[in-house]
Amino acid sequence: VTGYTRPLGDDSDATVSTTSPALTLPLVESYECFYVREFPGLVALARALTGSAAQAEEIAQDAMIATYRRWNEVSAMEHPAAWTRRVCSHISTSVVRRTIVEARTMRRLRSDRPQEAAELDEPSSAFWSAVRGLPRRQAQAIALYYLYSSSVSETAAAMGCTEGSVKTHLARGRATLAARLEVEEP
Amino acid sequence: VRLEDLAQHATGTMHDSVASVDTLRRLGQVPRQARARRRSSAAILAIVAAILITTATWAATRPTGSDVSPVDKRGVEQPLLAAGTIPLDVPMAFPSSDLFVTTAKSRPAQGSVAFFQLDGHSGLRVFEHARPTRSDSVVETDPTGGTTALEMARWITHRPFVAPTSVVRTSVGGRPAWRVTATLRPGARRTTTWNWERIAPLLFDVPPSGSWLSRRTVGEMTLLDVPGAGVAAIWSWNDTGNLARATDDDVRSFVEHLSFE
């Protein structure tokens, strides 16, 4: 799952190695490489925003499937990962889609028991629980900013909004978190 | 404790917690799951399209007012270019008219005939053996409604859901008849459902041969005694609340020239 390939079509099973530097086609990262690099982070993002370890994996998978189906388009974007993270955070905070994911998770749990996700320690659990208590966009901003050690501009790209909006969401979110968790705000 | 330190710690433990995720196994599932999702999406789209088409078809064909439409379900539309006779229990003759079309042969067995104005919102329903109906049912007879044309006309004026009106003497085909306009009293309750809407029933033979008021259906009833056919009811209606359309001179002239022989 390494190397660069032509963009995969939705139904294509074949990957064409394009590792030759002489190739004239624009080089894009293979979906497989992208998947391996991004999937764990998406699971963490989804778990942070939903609080459910079981659902998090399904939500991340949903985001990755959405990416797969539009890979030609997504891979040509300036920040493909930002698009996928945005999808993942939207699914995580969308009640309707989470309900669908929940049903899918239950089906999978019956047939294919996943490895147990590790429990979070108490301070971490309290922190992410407080994040989930924030307004939707503030929670997304905080989760994306910290989990990906992102800059404000990267967070803005993943949220599909301006840097100014991200700064506002982060500032308000941090203030609320500091008050709720009774810790010092920077 | 500083918020930044707590956030960094929580981020680290969150990443640790998902370290056990079997990424390669999930990657292998992507093509199959993508195909399954596409099939699901297609099925949902098909269901939504079917619902939309069904709804649109129903909306286009649903019965309105006192009857279905100027064209019956078989597409039979009969302009009254010439006078004719409808084979009711007592045959009814009608004059030629450029005002109405009719589905005269669509329900002869039910003892009624429907004429429609070309606007699609007005018409005449003529039926014999008219029977006063209770306000809560189109099949139950109200015994207080009387048995003669005049009694039924008066009964209509006393219905609690009918706005104040009065009985006017007229004639139909040379026979004495009584005419009464009927509109819904503001705020009146409509206690029966018919043709997908709440109605206040007036006179019926065997449904759908009948007459009623609804939020927008208004009309004028002309009643006459016809030996062999009980009371014949001629209900001129409009389903947009336009009483003038149902009671104008041309309509009344047409009604007066109907005859039961």
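Let's start with helix H8 of chain A, residues 152-159. Helices here are DSSP runs of H or I, at least four residues, and strands are runs of E, at least two, numbered from the N terminus. Val152(A), Thr155(A), Ala156(A), Ala158(A) and Met159(A) are buried in H8(A). Buried means under 20% relative accessible area, exposed means over 50%, and partly exposed lies in between, with a 1.4 Å probe and protein chains only. Down the axis of H8(A), the buried residues fall within an arc of 165°, so they line one face of the helix. That arc is taken over the directions from the helix axis to the C-beta atoms. An α-helix has 3.6 residues a turn, so residues three or four places apart point the same way.

What covers those buried residues? The cover includes helix H4 (80-93), helix H7 (136-147) and helix H9 (163-181), from chain A. Contact, here and below, means heavy atoms within 4.5 Å. Just after H8(A) comes Gly160(A), with a positive phi of about 70°.

A word on the model. It is predicted: local features need pLDDT of at least 70, side-chain atom pairs count only at pLDDT 80 or more, and totals for chains, interfaces and linings use all residues. Side-chain values use heavy atoms, with hydrogens and water left out; residues are numbered from 1 along each chain as its sequence is written, while chains are lettered from A and ligands numbered from 1 in the order in which they are written.

Cysteines next. Is Cys88(A) buried or exposed? Cys88(A) counts as buried, because its relative accessibility is 0%. Cys161(A) has 22%, so it counts as partly exposed. Over all chains, the search finds zero disulfides, a disulfide being a pair of cysteine sulfur atoms within 2.5 Å.

Now the interface. On the chain A side, 42 residues are in contact with 31 residues of chain B. The buried area is about 3400 Å², and carbon and sulfur atoms give 61% of that. Buried area is the accessible area, 1.4 Å probe, that two parts lose on being put together, summed over both. Ile65(A), Arg69(A) and Tyr146(A) supply 16% of what chain A buries against chain B, more than any other three residues.

On to chain B. The secondary structure comes to five helices and 15 strands. Of its 261 residues, 47% count as buried. Take contacts in chain B between residues at least 6 apart in sequence: 56% join residues at least 24 apart.

Two strands pair if DSSP finds at least two bridges between them. One open sheet in chain B has three strands in the order S2-S3-S15, with antiparallel pairing. Its edge strands are S2 (84-86) and S15 (259-260), each pairing on one side only. S2(B) joins S3(B), residues 92-94, through three bridges. There, Thr85(B) has Ala93(B) as its bridge partner.

Then the hairpin. S8(B), residues 168-172, and S9(B), residues 175-182, pair in the antiparallel sense over five bridges. Thr170(B) stands opposite Ala177(B). Two residues lie between the strands, and Gly173(B) takes a positive phi near 60°.

Last, Asp142(B). Where is Asp142(B) found? Asp142(B) is in the loop between strand S7 (131-132) and helix H3 (149-157) of chain B. At a relative accessible area of 10%, Asp142(B) is buried. Its side chain makes a polar contact with the side chain of Thr144(B), at 2.7 Å. A polar contact is a pair of N or O atoms within 3.5 Å; within protein, one must be able to donate a hydrogen and the other to accept it, and residues adjacent in sequence count only if both atoms are side-chain atoms. Not counting residues up to four places away in sequence, Asp142(B) touches Pro132(B), Thr133(B), Arg134(B), Trp155(B) and Arg159(B).
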